Number of protein chains: 2
Amino acid sequence: MAQKPAIPKGTRDFLPSEVAKRTYLFDTIKRVFKRYGFAPIETPSFELSSTLLGKYGEEGDRLIFRILNSGEKMRKADLEALAQDNLPRFANSLAEKALRYDLTVPFARFVVQHQNELQFPFKRYQIQPVWRADRPQHGRYQEFFQCDADVVGSDSLLHEVEFIQIFDEVLTALNLPGFDIQINNRKILTGIAEVCDVAQQIVELTVAIDKLDKIGEEGVFKELKEKGFSDLTLQKIQPLFELTGSNQEKIKHLRTFLASSEIGLKGLDELQYVFDRIAQLGLAKGTLNFDVTLARGLNYYTGAIFEVKAQGVKMGSICGGGRYDDLTALFGLKNLSGVGISFGADRIYDVLTELQLFPSDLDKSLDILIANFEPETELAHLQLLQKLRALGLAAELYPSSTKLQKQLKYANDRKARYVILVGEEERQQGKLTLKDMESGLQQQLSQAELLTKFEPLA
Amino acid sequence: MAQKPAIPKGTRDFLPSEVAKRTYLFDTIKRVFKRYGFAPIETPSFELSSTLLGKYGEEGDRLIFRILNSGEKMRKADLEALAQDNLPRFANSLAEKALRYDLTVPFARFVVQHQNELQFPFKRYQIQPVWRADRPQHGRYQEFFQCDADVVGSDSLLHEVEFIQIFDEVLTALNLPGFDIQINNRKILTGIAEVCDVAQQIVELTVAIDKLDKIGEEGVFKELKEKGFSDLTLQKIQPLFELTGSNQEKIKHLRTFLASSEIGLKGLDELQYVFDRIAQLGLAKGTLNFDVTLARGLNYYTGAIFEVKAQGVKMGSICGGGRYDDLTALFGLKNLSGVGISFGADRIYDVLTELQLFPSDLDKSLDILIANFEPETELAHLQLLQKLRALGLAAELYPSSTKLQKQLKYANDRKARYVILVGEEERQQGKLTLKDMESGLQQQLSQAELLTKFEPLA
């Protein structure tokens, strides 16, 4: 019996029109990455489980897809672990490999493994799918693409400046009318924790602050209180949530607040450098804002933290990133500073769809369809096709001499730009009719005239 | 403790220079597919296990990578099956999903699932990785890309003709000096089986014939004998292995041999049509050969069978394909004829490497490096970078003002085309030095002259 066709929940098929839009999106990002000197790498879809496990926290580990060992190896299933309901151990006995969860950990592994083949500072971009066993829901998929660019082996703040330019250039090229590039610096957060005498609880502090968008100021304070932060500390922190004014005013205010924290002041200096450079260089459509509550929950950030939001749509952040030191230490290579960003392709796709910003001609996958009237003209049509394709045009002959109406419907559905018709009369005159499918206009041309017409397009 | 970085056996990392070559290869294939009217689709990396299992034979099933069910679902492990050493059943209880094994079965599933959204004949191409739990060995990987193009919903032989043109156009564009496009027709093989009175054993016959390359004529006859083929049958078949002469001579010979088989003659007619058309249209670098022993082991082929081999290298087939009827019947959609081809990207990559056919400038990922002498000139350099990038050039400023020698080594390692040097003296004169890294020649230019120089390149 035939199976009813279906795909796993949380995964997607992409039809030609969707692939065209996704290709446009990825190509735009790639083009900008390349102009800034980034070169592409690719890593395998699955890594050794040991490479990935323990890198994303307990919750992350649960979301990693594991690959079942094949054949004989299945006999090594740890039944004791299963009996004890120790599912992670049971999984470990059955799965040596796992699908990558992000591009960052595989990249760290790659840099260490290939350190003698790379030029440092190493600037790479990587656009590949990642997999997460998340509960599928609207806009959240089990398979999705990440588009990352990172520099490792340089602590120059020039890279922070360039990544802001890259955000601006990509999103401007994608025709977004406006977007906010939020920036903070982990050193400032550390400084705040120092000034408030909670340096040891910096992780709890950033985790809570990071939820500001979701749970509001009240929620953050409730969480901090539960974590044992004193009322005095909360009183000290509170004004930071209400910092207003320009970026410069915020920095000025914090210079006073962080006066006693060396690291906090260093964070402000770094931020000031970035703001100065961006002011000198200018941005096209982006706005750069200092947001002292931006934390991004990721405890591996050590310097700049970035997040980008599109204006005019309700949507979480569409890009993120930051500076991290020592990510490669996980795999034995120490003291290698890195900074990187990531474009959230699926969310950007949704924003472009909602704001109707995709170019309208992306799904024109066929330039010319030659209508097929009779087998006798087939050879002449095939010879014409060779010439059209040599000009770089996407062209085809309808594969059978069926009703014209059916062929025109096909041309329409394929969004063909032109249909070529050669009836009895035209054939005798050595002419053909070129029908513009958008305007409906028809033109009688000789083959030479036709080829001349398309030459400049090709 | 830090982990020693490694990747699973049979998988690969790709460094920028390798990605550049692979991109060149894929882009060449895509460009030709598009010109012939094919549009891209993508399917998820993993499918429901039930979609894939049972479609590739027992051996194939064993090579399918399964995804371990997450969380609670692991408790459903079928321990009885494990105790009985029924590993496939045990695997089924643990893995609802599996990584795709090829692009053909997911494509059949896709066509049926989206039949109301597609235009028929539906011409799609698909370039995505597939995974097989094969024992890793030289040139055989557990993760590799397939590049497929298929037409479904048309039984016109025009498609066979066009696929031969596509083989020719792609491989010629890749600069292969010569290659043989082998063609056969499953109907001819069926006719042979009929004429030899072994119509019921057509599968065994094709499976054995398919091994001719590997085990020789003697080996094939040994295998057929073991399968119960009579000496009389073998005597009848034997001359076919020694068919010589031109394609036309072979067809002529077989017209006599297959005179009593309607289907066999039909196969010859189809072949004749294809040869005629190709003779009229011409091929660039390819040679089209009729090989009556070509079977490709795949029992779903029903008409044309293709295989391509590169001349001048020892390498198996680099492309394959054929016509199949009713592949979509697996998923409930009957009477949909299809024909398709596949480019073996990894083997073609190896051929291009061995014959040194990759263009030499593919790994130039940086057009211009601006040397960094002193922080004071940084802003001017960043402003120049903006202008160079606006021309479409890949350009960067070395991120710190370190020794020039180190910066030049970096430019060299990155294979940068040019380095821009602005020393004290040049700065005062409003000039810069452009160093051509290939020739070593240096030129003093104003910024305006520099931009004019690069404008036509961009």
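Biologist: How do strand 15 and strand 16 of chain A pair, and over how many bridges?
Modeller: Strand 15 (residues 431–436) and strand 16 (residues 442–446) of chain A are antiparallel, with five bridges. Strands pair here if DSSP finds at least two bridges between them, and strands (E, at least two residues) and helices (H or I, at least four) are DSSP runs, numbered from the N terminus. This is a predicted model, where local features need pLDDT of at least 70 and side-chain atom pairs count only at pLDDT 80 or more, while totals for chains, interfaces and linings use all residues. Residues are numbered from 1 along each chain as its sequence is written, chains are lettered from A in the order in which they are written, and side-chain values use heavy atoms, leaving out hydrogens and water.

Biologist: Which residue is the bridge partner of A:Leu432?
Modeller: That is A:Leu445, in strand 16 of chain A. The hairpin has five residues between the strands, and A:Gly440 takes a positive phi near 80 degrees.

Biologist: Which non-glycine has a positive phi?
Modeller: A:Asp197 has one, about 60 degrees. A:Asp197 sits in the loop between helix 8 (186–195) and helix 9 (202–209) of chain A.

Biologist: Switching to chain B, what is the strand order in the eight-stranded sheet?
Modeller: The sheet is open, with mixed pairing and the order 1-5-6-11-10-9-7-8. Strand 1 (39–40) and strand 8 (286–290) of chain B are at the edges with a single partner strand each, so one side of each has no neighbour in the sheet.

Biologist: And how does helix 12 of chain B cross helix 13 of chain B?
Modeller: The axes of helix 12 (residues 247–257) and helix 13 (residues 262–281) of chain B come within 10 Å and cross at roughly 160 degrees. Axes are lines fitted to C-alpha atoms over the stretch in contact, with angles from 0 to 180 degrees between N-to-C directions. Angles over 145 degrees count as roughly antiparallel, so helix 12 and helix 13 of chain B are roughly antiparallel to each other.

Biologist: Which residues meet there?
Modeller: Among them are B:Ile251 and B:Leu254 from helix 12 of chain B, and B:Leu268 and B:Phe275 from helix 13 of chain B. Contact means heavy atoms within 4.5 Å.

Biologist: How many residues of chain B are in contact with chain A?
Modeller: 103 residues of chain B are in contact with 103 residues of chain A. The two chains bury about 8700 Å² between them, 62% of it on carbon and sulfur atoms; buried area is the accessible area (1.4 Å probe) lost on putting two parts together, summed over both.

Terms used: Angles under 35 degrees count as roughly parallel, over 145 as roughly antiparallel, 65 to 115 as roughly perpendicular and the rest as oblique.
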